[in-house]
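The sequence and structure come first.

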Amino acid sequence: MSGQFVRLGEGERAAVRFSVDGRSLSALVGDTVMVAMLLAGRKLRTFEFGGEPRAGFCLMGACQDCWVWLADGRQLRACTAYVEEGMALLTAPPAGRWPANAS
Amino acid sequence: MAGERVVVVGAGPAGVRAAEVLAGPRLNVILVDENPAPGGRIYQQPPPGFSRGYRQIYGFEAGKAERLHATARALAQRIDYRPSTLAWNVYEKVLYVTSGGVHDRIPFDALVLAPGATDLVLPFPGWTKPGVYTLGGAQVALKHQGCAVGRRTVFIGTGPLLYLVAYQYLAAGAEVAGVLDTSEPELARAQTLGLLSGATTFAKGLFYYWRLKAAKVPMLGGVRPLDVVGEAGVEALRCRDAAGQEFQVAADAVAMGFGLRSECQLADLAQCAFHYDQPLRQWLPTVDEDGQSTTPGVYLAGDGRRIVGAGAAEVGGVLAAYAVLIDFGYPVSLGTHRFWRAHAQNQNTFRRALEAAFPPPVDLAAEADDGTIVCRCEAAAAGEIRAAARQLGASEINRAKALCRVGMGRCQGRYCAVAVQEVLAAALGLSPEAIGRLRGQAPVKPVPVAEAADA
């Protein structure tokens with residue numbers, strides 16, 4: 001599956017390894033979590049009140065529509081957090097975590 | 001009294017210039033900014049390790065960006081500069097902030113709010129689908145990250161940002177599928193004289209327009225978006241042209257924005273009085289010429305006070321700082337003060353012409369189908385808002401919020417309040433002003449509860 005975003009340049013940075021829903025991926029140091037995820041896919045998270053995919057909107061920390069989960073249950077705002085080596089990102093809350101998605 | 005503490009919120013053009021004027025031996029200045037580096041959104045910097053130069057990132061604005069960054073860097077040695085810090089509440093002359101999981105409360109003698117703006121968003125079917133972004137967001141992807149939001153992006157909306165971002169995408173090598181303006185070109189023509197009062201900015205706008213034309217990008221005025229085609233993502237944007245003909249543009253991303261709206265939550269929490277601005281279709285804090293609000297000790301500058309643009313924001317920052325100094329009893333050169341006030345006045349003519357040339361197409365909200373989602377946080381549709389108004393008697397926006405959750409979500413109404421006003425006003429046959437103003441709540445953005453509990 002191709003990604004939503006396209007990198008137009010600025011490719012001379014060190015690689016960072018991370019995962020989304022268990023799938024191993026690679027990004028570059030300085031990529032936001034959102035850019036790292038959307039270069040590889042077309043979804044950031046599942047919407048709580050309907051189950052449809054969401055992929056962010058404002059990219060400036062205002063709309064709050066890009067919060068994703070880490071495997072340990074913490075949440076990150078994908079547009080303002082930077083990807084880090086070994087991050088295990090999830091597009092839905094970790095199993096057993098309350099509140100689970102309405103869907 | 002000496003050593004008064006002044007807190008400036010926001011390190012964009014307005015906040016940096018305010019802090020620059022205030023910095024000195026007399027005052028204790030703290031500059032709080034949510035971003036990791038100064039510049040605001042207009043002069044947002046890429047993270048360390050990126051290689052593009054100023055000209056490549058900021059184009060015509062490279063000089064201004066470089067000067068503002070240099071000023072901010074020098075200031076960081078002289079004042080208490082706190083990057084990556086969210087200001088999330090104001091209560092009884094205390095600003096509540098959080099940074100890296102650490103909470104702090106900052107008592108202040110004066111507060112200068114320069115929080116900037118977001119895109120003004122109006123709903124149309126499919127605007128919540130993945131692959132639809134704000135114009136500002138599309139621009140941040142490019143400036144901050146060197147990315148485009150899609151392989152082939154269609155731009156829809158109105159205002160100078162529509163043409164600027166489309167041009168920036170084109171110049172960066174991204175494919176621009178179309179630039180669709182909801183405003184009729186005649187509106188801009190009617191404002192030619194006023195637009196000429198901002199000659200340099202106007203000339204830049206024409207340059208972007210002609211570069212897009214020369215690249216054979218489809219450009220149309222008087223367009224209405226109908227819906228976003230595609231389920232898991234964007235496949236096309238369907239529209240109606242000025243003659244009523246339907247057409248669609250194939251694209252895998254949509255960038256949308258119908259103007260800008262001021263960030264006002266902190267001013268609201270600081271108990272500032274607001275008034276309704278008819279051309280901008282939004283509630284704005286009431287301020288005097290220099291930015292003094294109705295709350296003693298609270299001042300506003302830049303786009304967070306009223307949409308003025310980056311150049312005027314710098315002037316607004318200087319004026320707000322003068323107001324602070326004067327209120328503390330410190331001398332300010334009358335000649336300099338008058339010079340900047342006159343400068344600010346001149347820019348008003350240009351802003352008013354821009355507002356008349358690119359009005360937000362509020363009919364998108366007022367006439368939205370019942371099923372169109374208006375509030376993306378809570379998935380509240382236009383029909384639910386109308387039902388709250390007609391069947392449950394919600395004639396005021398905060399009442400509608402209580403009844404159908406519109407504006408209650410995590411964005412606090414940033415992206416739906418203007419639309420909700422228009423939906424309610426049309427449903428009840430009232431003016432948007434009569435619908436009232438969606439009140440701000442602390443925290444203005446999500447803050448981990450453990451941090452807030454330590455406050």
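Strands β6 (residues 67-70) and β7 (residues 75-77) of chain A run antiparallel and are joined by 3 bridges. Helices (H or I, at least four residues) and strands (E, at least two) are DSSP runs numbered from the N terminus, and two strands pair if DSSP finds at least two bridges between them. The bridge partner of V68(A) in β7(A) is L76(A). The hairpin of β6(A) and β7(A) has 4 residues between the strands, and G73(A) takes a positive phi near 100° there. β6(A) is also joined by 2 bridges to strand β8 (residues 88-90) of chain A, in an antiparallel arrangement. In that pairing W69(A) has L90(A) of β8(A) as its bridge partner.

This is a predicted model, in which local features need pLDDT of at least 70 and side-chain atom pairs count only at pLDDT 80 or more, while totals for chains, interfaces and linings use all residues. Residues are numbered from 1 along each chain as its sequence is written, and chains are lettered from A and ligands numbered from 1 in the order in which they are written.

**The two chains**

Chain A has 1 helix and 8 strands, in the order β-β-β-α-β-β-β-β-β along the sequence. Chain B has 16 helices and 23 strands. Its radius of gyration is 22 Å, close to the 23 Å of the globule rule for 455 residues, so chain B is as compact as a globular protein of that length. The radius of gyration is taken over C-alpha atoms, and the globule rule is 2.2 Å times the number of residues to the power 0.38. For chain A, with 103 residues, a compact globule would have a radius of gyration near 13 Å, and the chain's 13 Å agrees.

The table gives buried fractions. A residue is buried if 20 or more other C-beta atoms lie within 10 Å of its own, exposed if 12 or fewer, and partly exposed in between, with C-beta atoms placed from the backbone.

| Chain | Residues | Buried |
|---|---|---|
| Chain A | 103 residues | 44% |
| Chain B | 455 residues | 54% |

Along its principal axes, the C-alpha trace of chain A spans about 40 × 25 × 25 Å. The C-alpha atoms of chain B fill a box of roughly 65 × 55 × 45 Å, also taken along the principal axes. Two residues are in contact if their C-beta atoms, placed from the backbone, lie within 7 Å. Among contacts in chain A between residues at least 6 apart in sequence, 48% join residues at least 24 apart. For chain B, 67% of the contacts between residues at least 6 apart in sequence join residues at least 24 apart.

**Contact between the chains**

The contact takes 31 residues from chain A and 39 residues from chain B. On the side of chain A that touches chain B, β1 (6-7) and β5 (53-54) of chain A each supply at least two residues. The residues of that side divide into 15 nonpolar, 7 polar and 9 charged. Here Ala, Val, Leu, Ile, Met, Phe, Trp, Tyr, Cys and Pro count as nonpolar, Asp, Glu, Lys and Arg as charged, and the others, Gly among them, as polar.

Strand pairing also crosses between the chains: β1(A) and strand β10 (residues 147-148) of chain B pair in the antiparallel sense over 2 bridges. R7(A) stands opposite C147(B) in β10(B).

**Inside chain B**

Chain B is divided into domain 1 (5-118 + 261-330), domain 2 (121-258) and domain 3 (363-435), with bounds from an automatic or database domain assignment. The C-alpha centres of domain 2 and domain 3 of chain B lie 26 Å apart. In contact there are 6 residues of domain 2 of chain B and 10 residues of domain 3 of chain B. The side of domain 2 of chain B that touches domain 3 of chain B has 5 nonpolar residues, 1 polar and no charged.

Strand β11 (residues 152-157) of chain B has 5 of its 6 residues buried, so the strand is largely enclosed by the rest of the structure. β11(B) pairs in the parallel sense with strand β12 (residues 175-181) of chain B over 6 bridges, and V154(B) stands opposite G178(B) in β12(B). β11(B) is also joined by 5 bridges to strand β17 (residues 253-257) of chain B, running parallel. The bridge partner of I156(B) in β17(B) is M256(B).

Helix α1 (residues 13-22) of chain B is mostly covered, with 10 of its 10 residues buried. These buried residues pack against β1 (5-9), β2 (28-32), α3 (62-75), β7 (110-113) and α10 (310-327) of chain B. Just after α1(B), G24(B) takes a positive phi of about 160°.
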